[in-house]
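Hi,

Here is the structure I promised to pass on. Have a look at it first, and my notes follow below.

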Amino acid sequence: MTKTTKVGLYLGTGSVGAAVMQGRNIISLANYEFSSLEESRIENLNDEIRWEALINKVLRDVNADSSNVYVSLSDKDFIFRSLEVPLMKKNEIETSIVFEIEKYIPFKMDELAWAYEYVRLPKEKKNIVSFIGIRQNNLAKIKGILSRLKINALAIEPSCLSLARAIKTSKKISKINNFAVLDFTNLEAGLTFFQYDLPVFNRYLSIPKEGNSINLNKFVESVILSFQYFKREFKVYSLDKFIIISNVTGGELISPLKEGLQTDIEEISPYDLTSRNNAGIESVKAFGAINRDYYRGFFRPVFKQTELEEKEEALERPVDIPSLRVGLLLSLLGIGLISSVLLSIFLQNKISFEKVALQKEERSITVPFEIKKLTWKQRRSLAAKQKKEVKILRSLVESFKGLSNFFDELGQRKILPQGAWLKDLNLTLGKKSYKGTMSGYVFRDDDYQERLAIDEFISNLNNEYSAADVFSSAEINSSVKKSISGFEVTYFLVRLR
């Protein structure tokens with residue numbers, strides 16, 4: 001019996017890879033960048049058509065004879081989060097993570113397509129949850145390109161999962177649960193940490209260039225900063241192996257990375273995983289996407305959209321009123337009359353008791369000597385004057401806001417997110433509160449993550465800690481990219497009121 005061939009496709013930021021397998025055997029691989037296309041033919045075409053041309057080229061090269069394809073996408077457009085929750089049932093986990101994840105994304109949850117997987121740790125009485133999301137419009141764009149090419153995507157997943165699945169085919173790594181993978185080409189790079197085979201941290205890295213080559217020093221610094229950030233966020237994580245895989249030799253990276261990361265590093269080549277000389281990171285990821293069917297215990301995301309609960313409108317239905325007997329109607333009228341009489345007696349007694357209580361309370365009131373001889377009109381006028389004075393005193397008290405707690409928490413980084421630092425703080429005292437501006441920088445080597453850090457800072461100023469006691473509101477005034485010592489950082493200016 002002839003084994004069915006399976007096709008895998010990887011779509012990167014500027015490159016495409018494909019793989020064809022028959023059973024567990026690789027039949028063909030291919031990798032192409034946009035530079036491989038004839039510029040004279042595509043220079044006037046839009047971006048999506050250029051993608052279609054590149055995908056067609058790589059699928060023809062591998063002789064793909066099936067329209068059913070396993071698709072792996074660049075990690076750039078995905079959101080990765082890791083959560084620890086108490087031991088609970090699967091349906092309870094799903095309900096809880098929807099509300100938890102919503103805190104960390106800068107848009108509505110119903111704009112996100114998402115999937116999750118978890119592992120139970122009964123001894124520690126908790127579940128580790130790995131969450132992956134992608135915006136609906138980004139996913140729709142990819143599906144639109146594939147649809148026009150008459151490609152049926154059997155599955156779509158981030159490339160870090162495809163690559164990890166491919167790496168797991170190596171016997172010396174197959175038993176390792178906690179590992180990190182750094183993969184890079186001339187166009188893009190990614191650093192992903194796995195815990196119990198689940199991605200718990202992912203950082204998409206830009207490739208710093210020096211001419212036409214990679215600036216290794218800046219790239220190493222970027223990897224080390226991401227590694228240190230991960231260690232601060234995941235203090236109890238135990239790393240078993242740090243793996244590097246690339247299209248070019250990573251030998252020049254090994255020594256500085258070992259020194260900076262203080263951990264052992266193992267280098268793997270695409271050839272080691274495929275035994276093919278033309279293998280690249282792109283085709284290895286396509287190969288890993290196909291292996292989704294062979295590693296069923298591995299995270300196999302199926303993305304879905306948050307279902308918003310819809311309240312059913314109550315429908316008014318006419319009520320049929322049966323004819324009532326005359327005797328029953330008279331009985332009801334009699335009961336109503338008796339009830340009215342009893343209620344009237346009860347209310348009259350209550351009024352009498354209340355009147356006596358008020359008279360007793362009135363006699364117990366002591367009138368101050370200063371106003372005892374004043375008329376009621378004069379008393380009202382004096383009370384209004386004193387009420388006005390109390391209001392003025394209260395407004396003065398409210399205008400004195402303590403800044404010591406605010407400065408103390410700024411110094412302890414309780415308000416300022418990781419990767420951010422302040423440049424200037426200007427404050428003036430208005431009639432009732434302080435106002436001013438605060439500026440600073442944030443560096444996370446990722447535009448999206450830096451925007452998240454600024455959003456987190458604004459949220460802390462508005463909702464948490466002593467900042468909310470000093471300022472009525474904080475809002476972002478501006479943010480721009482700037483270069484500091486060769487690093488691209490985000491400058492922000494916050495207006496405080």
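R379 lies over the face of W376, 4.8 Å from the ring centre. The charged end of K57 likewise sits over the ring of Y32, 4.8 Å from its centre. For this, NZ of Lys or CZ of Arg must be within 6 Å of the ring centre and within 35 degrees of the ring normal.

A word on the source: this is a predicted model, where local features need pLDDT of at least 70, side-chain atom pairs count only at pLDDT 80 or more, and totals for chains, interfaces and linings use all residues. Residues are numbered from 1 along each chain as its sequence is written, and side-chain values use heavy atoms, with hydrogens and water left out.

Now to the rings. The whole structure holds 20 aromatic pairs (rings of Phe, Tyr and Trp, the latter by its six-membered ring, with centres within 6.5 Å; planes under 30 degrees apart are stacked, over 60 edge-to-face, the rest tilted). One of them joins F193 and F201 edge-to-face, at 5.9 Å centre to centre and 65 degrees between the planes. Both F193 and F201 are buried (under 20% relative accessible area; exposed is over 50%, partly exposed in between, with a 1.4 Å probe and protein chains only). Ring pairs also link F193 and F201 with F227, Y229, F230, F234, Y237 and F242 into a cluster.

Finally, E52 is buried as well, at 14% relative accessible area. Its side chain makes a polar contact with that of R148 at 2.6 Å (N or O atoms within 3.5 Å; within protein, one able to donate a hydrogen and the other to accept it, and residues adjacent in sequence count only if both atoms are side-chain atoms).

Enjoy exploring!
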